[in-house]
Amino acid sequence: MGCIVAIGAQWGDEGKAKMIDYFSKDIDIIVRYQGGANAGHTVVVDGVKHVFHLIPSGILHEGKICIIGNGVVVDPEVLLDEIELLENKGIQVEGRFFISDAAHILLPIHKAFDEAMEEFRSHKIGTTKRGIGPAYSDKCLRIGIRVGDIFDEDILYERLSFDIKLKNLYLEKVFSKQPFAPEKIFEIISRFRDKVSKMVINTAHYLHTAIDAGKKILLEGAQGFALDIDHGTYPFVTSSNPTIGGALLGTGLNIFDIEKIYGITKAYITRVGEGPFPTEIKGEIGEMLRTKGGEFGATTGRPRRCGWFDLPLIRQARRINGITDMVLTKLDVLSGLKVIKIAIAYKLNGKEIDYFPSSQLHRVEPVYVELPGWEEDISSCTCFDELPKAAQNYARYIERESGIKLSLISNGAERKNTFKVS
Ligand code: IMP
C-alpha cells in the first residue's frame, strides 16, 4: 500500500491543487486520473500564482514524477502550452513527466461539438466548452484516438479521418457550423507527437512497478464527487468519474494499493454551471463569499455560485468514496459572519431525509442549524488551538456530523497556510 488519493468532496473547486502541492513533498509520483482541461488547478507559491489544467500541480516540486493517467482526455494544444510555460519558468519537464499511451486525445472538433451542443440543447449544462463530453463519448463509441495511436501513421490516418468526417457532418448538417479542415487537426497531432514522443509510456505498468519498489503515489482527482457522471447530479455533471472508482480505472491501480482517501472539502460550498444547489445563498452573503473566496472559475472565469455547507452531500461523498480523512479548506473565508448555517438534512415531499437523493435534489428544502461565527482574521493561525473557539466548534461540528476524521485545515492560499489537526 503506497498510494493516497485526493478527491474533491463537493462540486469541484475545493482547493485540491493547493493540497496536492502540500502532499507532494512526501510523495514520489503524482498521477492525474480523470477529466481534462476543464479543470483549473491553482497553486500559489511565494506569491506567484500557477494555474494547471492537465499537468499535475506536483510538477512544482523538484524531482517528483508527474503522470497523466489513462482516464484523462488530453487536449494536445493545452498540454503543449503548459509544458512550454513550465520550461520557460526553468522547471524541468522532460524525464519527469509521462502520459499514458491509453489516454484519449481531445481535439478542436470535440470543443466545437461541445459548444454547438450547449447552444442546441434544451437544458443547458453550463459546460466549460473544453470538449470533455464529446471526447468521452468518442471513447465509449470506440472511435476515439488514444495517445499511443499517434505513433502508428496508418491507424491514426484511418481513425482520425473517420472521426473528422463524422464530426463535420454533425457540425454542418445538424448545428449549421463551419466544418474543420483535416490538415489543421493532423498538424496539431504532428506537433504534439514531436514534443511528447519520449513522454508516452504504459503508465499502469510503471505505477505497479513503482509500488513494488516502495514508492509513494498520490492520485489527483479533478472536479468533485457531485459532478460524477454516475453519482453526481445528472445531467448537470461532467462526463467522467471524479470519485474513487475513477481513480482506480483511470490509473490501472487496484483497491489494495490504496492507503488513504482524502476528501478535499471547502468550509462552504460552490458550484459552477447549471444544476440543483439546495444550500445556494442569493444576495449579500453569497456575494461576500464569492469576492472574499475569489470564487471565479480558473478555466472559464465564470462566477461560482456560493452556498452553506451541506452535510447530506458530504455524508454521501464519504460513503461513495470511502473517504478516510477530511481536509477542510478556505475556513478563513468565513471570518466576519455573525451566524453560519449548515444544512443537516433535507425536506423532501414533507418528510425529513438525511441522505443525498440521486434524482430529486431540485425538490429538496435544506434544514439548517445555525452556529455562531467569528470576527477574527484566522489566516495567520498555525494550529487548531490558535483558531477562535467559534471556528473550532464549526470545524468539529462538521467532523462529528459528517463522520469523517478532520486531518488538515487550510486557512489561506499560500503553502504555509495549512496545518494538521489531531
Ligand atoms: P464539462 O466538464 O466541461 O463538460 O462541464 C460539466 C459541468 O461540470 C459544468 O457544470 C461545469 O461547470 C462543471 N465543471 C467542469 N470542470 C469543473 C471544475 O474543474 N470545477 C468546477 N466545476 C467544473
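These are my notebook entries on a predicted model of one protein chain.

**Ground rules.** I count residues from 1 along each chain as its sequence is written. As the model is predicted, I take local features at pLDDT of at least 70 and side-chain atom pairs at pLDDT 80 or more, while totals for chains, interfaces and linings use all residues, and side-chain values rest on heavy atoms, with hydrogens and water left out.

**Overall build.** I began with the secondary structure and found eleven helices and 20 strands in the protein chain. Helices (H or I, at least four residues) and strands (E, at least two) are DSSP runs, numbered from the N terminus. Next I looked up the extent: the C-alpha trace spans about 65 × 50 × 40 Å along its principal axes.

**Inside and contacts.** I noted that 59% of the 422 residues count as buried. Buried means under 20% relative accessible area, exposed over 50%, and partly exposed in between, with a 1.4 Å probe and protein chains only. Of the contacts with a separation of 6 or more, 76% are between residues 24 or more positions apart; a contact means heavy atoms within 4.5 Å.

**Strand β7.** I then turned to β7, residues 97-100, and found both faces covered. Phe97 and Ile99 lie on one side, Phe98 and Ser100 on the other, and all are buried. In a regular strand, side chains alternate between the two faces of the sheet. Ile99 has a residue opposite in each: Ile68 and Val200 in β9.

In the loop between β10 (217-220) and α8 (244-249) I found Pro235. A cis peptide bond joins Tyr234 to Pro235, with omega about 5 degrees. Gln223 is in the loop between β10 and α8 too, and has a positive phi of about 50 degrees although it is not a glycine. Is Gln223 buried or exposed? Gln223 counts as buried, because its relative accessibility is 10%. Lastly I checked Lys330, in the loop between β15 (325-329) and β16 (339-348). Lys330 is not a glycine, yet its phi is positive, near 60 degrees.

Note on methods:
Two strands pair if DSSP finds at least two bridges between them.
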